[in-house]
Amino acid sequence: MSDDRFDAIIVGAGLAGSTAALTLAKAGMEVLVVERGNWAGAKNVSGGRLYGHALEKIIPGFASEAPIERKITKERISLMTETAATTIEYNDEDMRREETASYSVLRSKFDKWLAEKAEAEGAMFVTGIHADEMIVRDGKVCGVKAGDEEMEADVVILADGVNSPLAQSLGMKKELAQDQTAVGVKEVIGLDEKVISDRFGVAPGEGCAWMMAGFPSDGGIGGACLYTNKDSLSLAVVLTASEIGNSEYSVPQLLERVKQHPTIAPLIEDGKLLEYSAHLVTEGGYNMIPTLYRDGVLLAGDAANMVINIAYTVRGMDFAIESGRLAAETIIKAKEKGDFSASTLSSYKTMLDNSFVMRDMMHHARAPKLMEHKEIFTKYPVMAKEVFSEMFTIDGNPRRHLMKFAMPALKKSGGIFKLAGIGMDALKAL
Ligand SMILES: Cc1cc2nc3c(=O)[nH]c(=O)nc-3n(C[C@H](O)[C@H](O)[C@H](O)COP(=O)(O)OP(=O)(O)OC[C@H]3O[C@@H](n4cnc5c(N)ncnc54)[C@H](O)[C@@H]3O)c2cc1C
């Protein structure tokens with residue numbers, strides 16, 4: 001292998017890039033991964049819950065060797081006002097099954113581990129290098145430029161994350177629209193392992209995933225999420241970019257408010273700030289999928305906008321892993337044919353369309369529209385608080401029938417038809 005010519009170059013050592021590198025290297029291909037961070041994972045941010053199924057196909061039993069934090073065995077969803085939280089909690093023995101397990105992960109450790117797996121198979125990683133430009137000849141992508149360096153390959157995978165200016169420069173992807181993009185700000189808060197298990201009521205090694213709406217985004221389209229790690233908590237606030245400025249609070253200030261909320265404050269008490277980060281998340285879903293291939297190039301993971309936010313969970317990591325694997329499988333077949341034209345690479349889209357990635361994205365295509373119902377973030381948390389407050393408050397005053405206080409609360413929130421309409425939209429979107 002010459003120093004500057006490879007079978008494949010991958011830009012970005014996130015989950016999509018490292019999975020593609022691992023798959024290609026296993027097939028004996030000469031692959032170079034260019035990563036701008038000082039190590040794989042250094043720049044990566046996630047709320048932190050990985051659905052294990054996609055990686056399980058590539059590294060069976062990965063959870064026994066990977067730096068996972070906790071197996072998620074408890075789900076919580078809360079509607080919050082300034083003082084109250086109305087919470088659904090769900091747990092089930094089934095959540096412990098390996099086949100369907102999900103895990104909290106910290107990307108700075110997890111991505112490093114995955115990159116090392118790819119390296120062990122022979123992939124070459126260069127870190128601390130920013131790919132600035134694509135090399136295109138006669139309409140075909142031939143490599144990337146980083147500063148004065150030119151690196152060439154038969155094919156390039158752009159796995160460079162949410163913005164992907166490189167995909168934009170090729171005309172494959174549009175600049176992200178503000179109403180289809182959210183800003184996430186996250187803290188990792190260190191706490192003793194046993195304290196976390198006790199506070200969240202989970203067994204050692206097991207954990208909780210928690211989504212919150214209403215107060216966390218000050219009524220804007222967004223919310224907060226909290227994941228229990230082994231000896232830390234990941235707490236993030238996410239707000240749709242077009243909502244910034246509608247609240248008197250900036251996104252970092254929204255996160256501070258969540259930390260002080262009476263439901264959250266006791267859970268993070270005495271915690272130590274270990275990590276602070278901010279990142280964009282695409283929210284447009286299926287309708288935002290860009291051009292996935294052209295002569296000599298494929299897009300995978302966030303670079304291809306493969307994320308869904310469906311209120312009770314955010315998914316992007318399992319999509320990144322699967323699309324990275326399928327991009328690599330496409331290249332392995334293209335190499336056998338000796339043809340990296342768009343026509344050969346089009347099988348990537350066919351494979352994606354037949355995979356859970358596109359099926360799930362299509363299934364939830366209406367989710368962004370559902371989120372536009374502002375009542376979910378403004379009025380419904382208040383309605384829930386008013387109803388439950390009256391139900392649970394016994395102070396010697398005469399009791400009122402549920403009908404007497406629930407109906408006015410519902411009316412104030414837009415009425416029964418509005419609620420039924422949103423319910424219908426939720427049934428179609430989720
Ligand atoms: C706040 C927040 C919470 C989330 N929560 C969850 C969750 O709980 N579960 C879930 O499944 N998903 C979640 N997601 C989404 C998930 O993080 C992404 O879908 C996932 O990280 C995509 O992986 P990727 O490999 O495609 O991209 P990334 O992880 O973004 O990796 C891209 C890599 O490319 C590198 N790079 C970029 N440009 C260049 C360049 N020009 N040259 C060299 N290197 C470059 C970056 O440094 C980075 O390492 C969340 C996202 C955010 C922001």
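Reader: How far apart are the mean positions of the positive and negative charges of the protein?
Author: This is a predicted model. The protein carries 48 positive and 60 negative charges.

Reader: How many helices and strands does the protein have, and what is its radius of gyration?
Author: The protein has 15 helices and 19 strands. For 430 residues the globule rule gives 22 Å. The protein comes close to that, so it is as compact as a globular protein of that length. Its radius of gyration is 23 Å.

Reader: What percentage of the residues is buried?
Author: Buried means under 20% relative accessible area. Of the 430 residues in the protein, the share that counts as buried is 53%.

Reader: Among contacts between residues at least 6 apart in sequence, what share joins residues at least 24 apart?
Author: A contact needs heavy atoms within 4.5 Å. Among the contacts between residues at least 6 apart, the share joining residues at least 24 apart is 72%.

Reader: Which residue follows helix H3, and what is its phi?
Author: H3 runs over residues 107-120 and has 14 residues. Its first and last C-alpha atoms are 19 Å apart, close to the expected 20 Å. After H3 comes Gly122, with a positive phi near 115°.

Reader: Is Ala118 buried or exposed?
Author: Ala118 lies in helix H3. Other buried residues of H3 include Phe110, Trp113 and Leu114. Ala118 touches Ser18, Ala21, Leu22, Ala25, Ala123 and Phe125, leaving aside residues up to four places away in sequence. Its relative accessible area is 0%, so Ala118 is buried.

Reader: Where is Ile157 found, and how far is it from Gly12, C-alpha to C-alpha?
Author: Ile157 is found in strand S10, residues 149-158. It is buried, at 0% relative accessibility. Beyond residues up to four places away in sequence, it touches several others, among them Val11, Leu24, Leu298 and Ile331. Ile157 and Gly12 are 145 residues apart in sequence, yet their C-alpha distance is 8.8 Å.

Reader: How many residues of helix H8 are buried?
Author: H8 covers residues 317-337 and reaches 31 Å, close to the 30 Å expected. Gly338 follows H8, with a positive phi near 65°. H8 is largely enclosed by the rest of the structure, because the buried count among its 21 residues is 16.

Reader: Is Asp270 buried or exposed?
Author: Most residues other than glycine have a negative phi. Asp270 is not a glycine, but its phi is positive, about 65°. It sits in the loop between helix H7 and strand S15. With a relative accessible area of 69%, Asp270 is exposed.

Reader: What about Asn305: buried or exposed?
Author: Asn305 also has a positive phi, near 60°, in a residue other than glycine. It lies in the loop between strand S17 and strand S18. Its relative accessible area is 3%, so Asn305 is buried.

How values were computed: Residues are numbered from 1 along each chain as its sequence is written. This is a predicted model: local features need pLDDT of at least 70, side-chain atom pairs count only at pLDDT 80 or more; totals for chains, interfaces and linings use all residues. Side-chain values use heavy atoms; hydrogens and water are left out. Helices (H or I, at least four residues) and strands (E, at least two) are DSSP runs, numbered from the N terminus. The radius of gyration is taken over C-alpha atoms; the globule rule is 2.2 Å times the number of residues to the power 0.38. Buried means under 20% relative accessible area, exposed over 50%, partly exposed in between (1.4 Å probe, protein chains only). Lys and Arg count as positive and Asp and Glu as negative; His and the chain ends are not counted. The place of a charge is taken as NZ of Lys, CZ of Arg, CG of Asp or CD of Glu. The expected span of a helix is 1.5 Å times one less than its number of residues.
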